[in-house]
Amino acid sequence: MIVPHHQIHADVVDLYKAGGLPRGSSTGWPLVDRHYTVGLGQWTLVTGTPGAGKSEWLDALMVNLVKQEPWRFFIFSPENWPLAIHHAKILEKYIGRPFNPGPSKRMDEEELEAGEAWMQGKFIFGKFDRPNILSIMSEAEDYVVSATAALGGKPTWKTGVVIDPYNQLEHYRPNNVSETEYVSQLLSAVIDWVRRTQSHLWLIAHPAKIQRDRDGKYPVPTPRDVSGSAHFWNKADNCITIWRDQVEDGQDVDLHIQKIRFKHVGRIGLVTLRYDRITGRYMEPPKKQEARQRADVDG
């Protein structure tokens, strides 16, 4: 089907009058926003070695987005089941106090109830007997359609879908289709879906087995290391690798933004955040370290 020039021209003029190609939603961390913002109609691959904090960072990102703008998230995260555990982790990040008793003051019952009320309708959790990407996307779309119909109009929120992780999904690959071909077709369906629904989808995928170096540390994986196919790198709009020094058990977490398809939403680079074990929050580093990061980027 040929798209008439005048139709595209009208859209271009609208974009120009609106101020140009829009940046995505802020992540809540200004240092990260220099490299990665959340654009609609896109999907992001998140990878990293086990224990690096992929799920924790993505939970913190969701909390930040909901605090700033009307986002709703449809979440399939079997590694965080039972769902009460996932709720507790998100509540810690929102309230800024630990869920469990300990040396730090824990959230009180009033804070817990206020946090649960805040989460309702914003974080929607899915559970499937035989989950696959297509069924998760379909369920998320059905939810948006029904919620929109109940309001009697267009959705007033931005839709996010989180699938964590890829290796917990069911896969129905025909015998005559290679794994590479299957992954390519599957990710093409993801691209079509996010473009059509103007949603953002995050897919966490583990890398294939990576050997530690002589010091016992994991190297920084890339999307090409994701188990299954190099198409994870080729077809993602954005690729982020989460890495931390698990030998030293440090609190600094590196975000390697390794691919940004559209330059108006970000650019590749490295950002370091500091993880607070007590609350599960991620914070920007002290000013001296921030200055070094800026110098590294600008230089």
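These exercises, each with a worked solution, concern a predicted model.

**Exercise 1. Classify the pair formed by W71 and W202, and state where each residue lies in the chain.**

Solution. Start from the search of the whole structure, which finds eleven aromatic pairs. For W71 and W202, the ring centres are 6.3 Å apart. Rings pair if their centres lie within 6.5 Å, so these two rings qualify as a pair. Next, take the planes, which stand at 55°. Planes under 30 degrees apart count as stacked and over 60 as edge-to-face, with the rest tilted; the pair is therefore tilted. Last, place the residues. W71 is in strand β2 (residues 71–76) and W202 is in strand β5 (residues 200–204). They are 131 residues apart, and the pair links distant parts of the chain.

**Exercise 2. Decide whether W71 and W202 are buried or exposed, and name the aromatic cluster that holds them.**

Solution. Buried means under 20% relative accessible area. W71 has 1% relative accessibility, so W71 counts as buried. W202 also has 1% relative accessibility and therefore counts as buried. The cluster consists of W71, F73, Y94, W118, F123 and W202.

**Exercise 3. Describe how Y275 and Y282 are related, using their rings, their accessibility and their strands.**

Solution. Begin with the rings: Y275 and Y282 form an aromatic pair with 5.0 Å from centre to centre. The angle between the planes is 45°, and the pair is tilted. Then check accessibility. Y275 is at 16%, so Y275 counts as buried; Y282 is at 6%, so Y282 counts as buried. Now turn to the strands. Y275 stands opposite Y282 in β9. Strand β9 (residues 282–283) is joined to β8 by two bridges, and the two strands run antiparallel. Their hairpin has six residues between the strands, and in this hairpin G280 takes a positive phi near 75°.

**Exercise 4. Describe the largest pocket, then look at Q198 in its lining.**

Solution. The largest pocket holds about 400 Å³ of space. It is lined by 16 residues, and the closest to its centre are P22, L40, G41, Q198 and H264. By type, the lining has six nonpolar, seven polar and three charged residues. Q198 is found in the loop between α7 and β5. Phi of Q198 is near 55°, a positive value in a residue other than glycine. Its relative accessibility is 43%, so Q198 counts as partly exposed.

How values were computed. Residues are numbered from 1 along each chain as its sequence is written. This is a predicted model: local features need pLDDT of at least 70, side-chain atom pairs count only at pLDDT 80 or more; totals for chains, interfaces and linings use all residues. Side-chain values use heavy atoms; hydrogens and water are left out. Rings of Phe, Tyr and Trp (its six-membered ring) pair if their centres lie within 6.5 Å; planes under 30 degrees apart count as stacked, over 60 as edge-to-face and the rest as tilted. Helices (H or I, at least four residues) and strands (E, at least two) are DSSP runs, numbered from the N terminus. Buried means under 20% relative accessible area, exposed over 50%, partly exposed in between (1.4 Å probe, protein chains only). On a 1 Å grid over the protein atoms alone, a cavity is a set of points where a 1.4 Å probe fits but cannot get out, and a pocket is an open set with protein on both sides within 12 Å along at least five of seven lines; lining residues have an atom within 4 Å of a point. Grid points are joined across faces, edges and corners, and a volume is the space filled by probe spheres set on the points. Ala, Val, Leu, Ile, Met, Phe, Trp, Tyr, Cys and Pro count as nonpolar, Asp, Glu, Lys and Arg as charged, and the others, Gly among them, as polar. Two strands pair if DSSP finds at least two bridges between them.
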